Amino acid sequence: MRVAALVLAAGRGERLGASIPKAFLALAGRPLVVRAIEALAARPEVERIVPVLPAADLARFAALAPDFLGADKLGAPVAGGAERQDSMRAGLAALPDGVELVAVHDAARPLVRPEDVGRVIAAAARTGAALLAVPVRDTLKRVRDGRVAGTLPRAECWAAQTPQVFRLELLREALAKAEAEGFRGTDDAQLVERLGAPVEVVEGDPANLKITWPEDVALAEAIWSRAHGAWPSGSSGVAHGAWPSGSSGVAHGARPSGSSGERG
Ligand code: CTP
Ligand code: MG
């Protein structure tokens, strides 16, 4: 099957609160969006990768090292939208003809292992839809107004990650239905679930974390170093251009209080 990938990098990174856009924050010396693209590009079955960036940052992306931008799988960057689902729609519109499977991945998950990308693609090629997920460690409480309103059965609870991979036709149909009904999901699989289509779960790696809060940056650096050795190692990449080094641009102050976290 012909496989393409979207790397969604058009968020504002508000919770991170960095001085630069989240997608351009360095992980072991290279921007998150580049790390995420490289993880997908490492898979031979992925023929095209379309990055989706904030409209205001398209020029900044184009200014990344030319050898990286010349990678033959990399499609032209596309401007995202106000919400993640809008960015996903913009990315889908830019896929080349003939693509049968699409892997949707968050630039905020630069640590995904290429072998896991391969496993979730293989599952979706068989079943039509698959995602990476990990069993939750904590017991999950449903909370309303500061009180426990219920306990979810932990053995049935998994934390969804990306990539999530779908038959392109199925994802387009799911997106059209969601938009017709005004539904906004926090991941892509939800849209497909709403069609009643099965979504296969492929157990991923807890280290495929989503960089969301400032403290996640140091954690991601530590995970990277454990897997790849101290950086800069030059061992990982498709390309070896120079990247801005030094400060990650993240403020290490307290996070805003009263925030409930995920907005998608
Ligand atoms: N994303 C996107 N377009 C949007 C919003 C999010 O492409 N309008 C992408 C982000 O760039 C990120 C992924 O979706 O790679 C997951 O979103 P999240 O982790 O929430 O990142 P941000 O939206 O950037 O962060 P925040 O919610 O803290 O502003
Ligand atoms: Mg967000």
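Around ligand 1 stand 20 residues, and those that come nearest are Leu 8, Gly 13, Glu 14, Arg 15 and Ser 87. The model is predicted. The shell around ligand 1 holds 6 nonpolar, 5 polar and 9 charged residues.

| Residue | Protein atom | Atom of ligand 1 | Distance |
|---|---|---|---|
| Arg 15 | backbone N or O | oxygen | 2.8 Å |
| Ser 87 | polar side-chain atom | nitrogen | 2.7 Å |
| Lys 210 | polar side-chain atom | oxygen | 2.9 Å |

How much of ligand 1 does the protein bury? Taken alone, ligand 1 exposes 560 Å², and the protein buries 95% of that.

**Ser 87**

Ser 87 deserves a separate look. It sits in helix α4, which spans residues 84-93. Is Ser 87 buried or exposed? Its relative accessibility is 4%, so Ser 87 counts as buried; the cut-off for buried is under 20%. The side chain of Ser 87 also reaches the backbone nitrogen of Gly 81, at 3.1 Å. With neighbours within four places in sequence left aside, Ser 87 is in contact with Leu 8, Ala 10, Val 52, Gly 80 and Gly 81.

**The chain as a whole**

The chain has 264 residues, of which 48% count as buried. Its secondary structure comes to 8 helices and 11 strands. Take the contacts between residues at least 6 apart in sequence: 76% of them join residues at least 24 apart. The accessible surface of the chain is about 12600 Å². Carbon and sulfur atoms account for 51% of that surface.

**Nonpolar cores**

The largest nonpolar core has 33 residues. Which residues have the most contacts inside this core? They are Val 7, Val 33, Ile 37, Ile 49, Phe 61, Ile 121 and Val 165. Six elements are listed as giving two or more residues to the core: β1 (3-8), α1 (32-41), β4 (46-53), β6 (101-106), α5 (114-127) and β7 (129-135). Helix α1 gives the largest share, 7 residues.

Val 7 shows how the elements meet. Residues up to four places away in sequence are not counted here. Val 7 touches Val 33, Ala 36, Ile 37 and Leu 40, as well as Ile 49, Val 50, Pro 51 and Val 52. His 105 and Ala 107 are also touched by Val 7.

**Buried charged residues**

Glu 38 belongs to helix α1. It has a relative accessible area of 5%, so Glu 38 is buried. Glu 38 and Ile 49 are 11 residues apart along the chain, and their C-alpha atoms are separated by 9.7 Å.

Asp 205 lies in a loop, between β11 (200-203) and α8 (215-228). What is the relative accessible area of Asp 205? The value is 14%, and Asp 205 is buried. Leaving aside neighbours within four places in sequence, Asp 205 is in contact with Arg 113, Asp 116, Val 134 and Gln 161.

**Backbone features**

The peptide bond from Thr 162 to Pro 163 is cis. Its omega is near 5 degrees. Pro 163 is placed in strand β10, residues 158-167.

Ala 28 is not a glycine, yet it has a positive phi of about 50 degrees. It lies in the loop between β2 (26-27) and β3 (30-31). Ala 28 has a relative accessible area of 5%, which means that it is buried.

Asp 145 likewise has a positive phi of about 50 degrees and is not a glycine. Its loop runs between β8 (141-144) and β9 (147-151). Is Asp 145 buried or exposed? At 83% relative accessibility, Asp 145 counts as exposed.

Key:
Residues numbered from 1 in each chain as written. Chains lettered and ligands numbered in written order. Predicted model: local features only at pLDDT ≥ 70, side-chain atom pairs only at ≥ 80, totals over all residues. Heavy atoms only, no water. Near = heavy atom within 4 Å. Polar contact = N/O pair within 3.5 Å; in protein donor to acceptor, adjacent residues only side chain to side chain. Areas by Shrake-Rupley, 256 points an atom, 1.4 Å probe, with all protein chains shown as cover. Nonpolar A, V, L, I, M, F, W, Y, C, P; charged D, E, K, R; others polar. Core = buried A, V, L, I, M, F, W, Y, C linked by side-chain atoms within 4.5 Å. Buried < 20%, exposed > 50% of the residue type's maximum accessible area, 1.4 Å probe, protein only. Helix = DSSP H or I, 4+ residues; strand = E, 2+ residues; numbered from the N terminus. Contact = heavy atoms within 4.5 Å.
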